[in-house]
Amino acid sequence: MEFFHSGLILFITLFLSVYLPYLFRYKSKSSHANLPPGNMGLPFIGETLEFLNTGRKGHPEKFIFDRIAKYSSPIFKTSILAEPTVVFCGAASNKFLFSNENKLVEYWWPDSVYKIFPSCAQTSSKEESKKMRKMLPSFVKPEALIKYVGTMDSIAQRHFQACWEGQEQLKVLPLAKKYSFWVACRIFLSLEDPERVAKFADSFNVLLPGLVSLPVNFPGTPFNRAIKASNMIRKELIAIIEQRKVDLKEKETSPVDILSQMLQAPDENASTVITFIVKYLSELPHIYNQVLEEQMEIAKSKKPGELLNWEDIQKMTYSWRVACEAMRLAPPFQGTFREAINDFVFHGFSIPKGWKLYWSVNSTHKDPECFPEPEKFDPSRFAGNGPASYTFVPFGGGPRMCPGKEYARLEILVFIHNVVKRFSWEKLVSDEKIIVDPMPVPAKGLPVRLIPHKHVD
């Protein structure tokens with residue numbers, strides 16, 4: 001009984017130490033005049049659970065569109081992850097946020113991310129952004145990635161030989177992750193050892209769910225597992241970096257991978273896209289046939305043993321439209337947070353300094369005014385000039401646009417080429433549920449039955 005009372009007192013003390021400071025902060029931050037319409041939800045929790053649960057039920061856009069309809073406004077206030085937040089929706093909101101990066105807003109991560117990646121707390125988001133933008137452009141531009149097309153194709157061929165050929169049935173999602181991670185380890189780290197690659201992959205798979213979990217650091221929780229995975233990844237990367245520095249100094253050669261170039265300098269997203277491309281191609285035979293025709297024309301033009309090159313990638317125009325439509329319907333990330341660094345007014349409402357801003361990919365991707373019949377899979381949306389500006393935003397936009405966009409394009413197209421020229425396939429679960437946590441994934445991993453083509457060049 002004494003132990004019970006002691007535990008109860010400890011719990012109440014901890015609860016009040018967290019709850020009371022938040023309650024005062026919550027009230028003070030919610031007292032500004034002319035805020036957007038909305039509901040801040042419960043103290044501390046806010047509307048976080050509903051925000052996360054709509055994604056886990058496979059419909060992350062429901063949280064957004066329900067409130068747009070309720071408040072008749074493209075922006076609304078809420079509380080997410082214990083922070084007063086304004087959700088920005090629509091193309092005009094996207095344009096405003098992307099155009100005012102580092103002027104009125106800057107990138108923001110929840111506190112849980114800084115606990116998983118402690119080094120992130122040493123610099124501000126703005127400083128981190130400038131540092132990365134300085135390092136990355138030299139080797140993520142298309143002209144810098146040309147030399148990696150053949151490497152990606154070689155890895156893809158080995159991947160399909162080892163993991164797909166000879167199989168009657170398989171799950172696409174784990175194999176798509178395996179392919180993407182193999183490519184990333186080779187391109188970014190010159191890492192070929194299968195055991196070391198697998199070790200990295202396992203840790204990253206644990207890490208991602210922890211980034212959007214409740215920051216409860218008890219053994220066995222997703223957050224605790226993410227911290228341990230981060231520590232393992234950091235340890236492995238430090239060892240690789242130190243060895244690479246020695247190699248560069250001793251050999252005095254030009255860097256041959258991206259990590260080496262980063263050391264000399266003053267995105268999982270692709271695997272998600274790949275999985276959904278396979279899903280949609282299995283559901284839409286007429287789309288599959290057009291992709292197959294395009295890819296077989298390229299395959300027939302190659303000599304035996306000749307790898308794909310940059311010119312081949314440029315011919316994959318229809319395949320890339322298919323990939324874009326897959327990213328519209330199942331964007332690899334649902335949105336990101338910013339923080340207001342100054343008071344400002346948008347759409348007639350006051351946005352206070354320090355409030356968090358969330359922009360939603362689905363607010364335009366699933367909007368019938370931006371994409372008529374938004375649930376229909378239609379690659380022709382991306383023909384000609386494509387969608388209107390700021391409506392198709394799977395890679396973000398402005399200074400914070402994903403710098404790996406072109407890298408992801410190459411990785412995805414190389415996979416499409418290698419899979420369709422070898423197989424057609426059928427889904428084994430016709431109504432498989434989609435879960436978003438934090439990326440969209442088929443709940444059962446997308447099991448398929450493979451149908452090998454009779455002849456593969």
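A crossing of two helices is called right-handed if the near helix is turned clockwise from the far one by less than a right angle, and left-handed if the turn is anticlockwise. In this predicted model, helix α10 (residues 172-189) passes helix α14 in a right-handed crossing, whereas helix α15 passes helix α17 in a left-handed one. The table sets out the geometry of the two pairs.

| Helix pair | Angle between axes | Axis separation |
|---|---|---|
| α10 and α14 (residues 269-283) | roughly 140° | within 8 Å |
| α15 (residues 285-300) and α17 (residues 317-329) | about 140° | 8 Å |

**The pair α10 and α14**

The axes of α10 and α14 cross at roughly 140°, and α10 is therefore oblique to α14. On the side of α10, the contact is made by V172, L173, A176, K177, Y179 and S180; α14 contributes A270, S271, I274, T275 and V278. By class, this contact of α10 with α14 comprises seven nonpolar residues, three polar and one charged.

When neighbours within four places in sequence are left aside, S180 touches A270, S271, I274 and E411.

**The pair α15 and α17**

Helices α15 and α17 pack at an angle of about 140°; they are therefore oblique to each other. Residues I287, Q290, V291, E294 and Q295 of α15 meet T317, Y318, S319 and V322 of α17. The contact of α15 with α17 has four nonpolar, four polar and one charged residues.

**The sheet and its helix**

Strands of a sheet pair through backbone hydrogen bonds, in either a parallel or an antiparallel manner. Here five strands form an open sheet with mixed pairing, in the order β1-β2-β8-β5-β3. Strands β1 (75-80) and β3 (105-107) stand at the edges; each has a single partner strand, so one side of each is left without a neighbour in the sheet. On average, and with direction ignored, neighbouring strands of this sheet are turned by 35° against each other.

The strands β3 and β5 (residues 335-340) run antiparallel and are joined by three bridges. In this arrangement, E106 stands opposite E339 of β5. Helix α4 (residues 91-99) packs on the sheet, where it touches β1, β2 (83-88), β3, β5 and β8 (356-360). The direction of α4 makes about 130° with that of β8.

Terms used:
Residues numbered from 1 in each chain as written. Predicted model: local features only at pLDDT ≥ 70, side-chain atom pairs only at ≥ 80, totals over all residues. Heavy atoms only, no water. Axes fitted to C-alpha atoms, helices over the stretch in contact; angles between N-to-C directions. Helix = DSSP H or I, 4+ residues; strand = E, 2+ residues; numbered from the N terminus. Parallel < 35°, antiparallel > 145°, perpendicular 65-115°, else oblique. Contact = heavy atoms within 4.5 Å. Nonpolar A, V, L, I, M, F, W, Y, C, P; charged D, E, K, R; others polar. Pairing = 2+ DSSP bridges.
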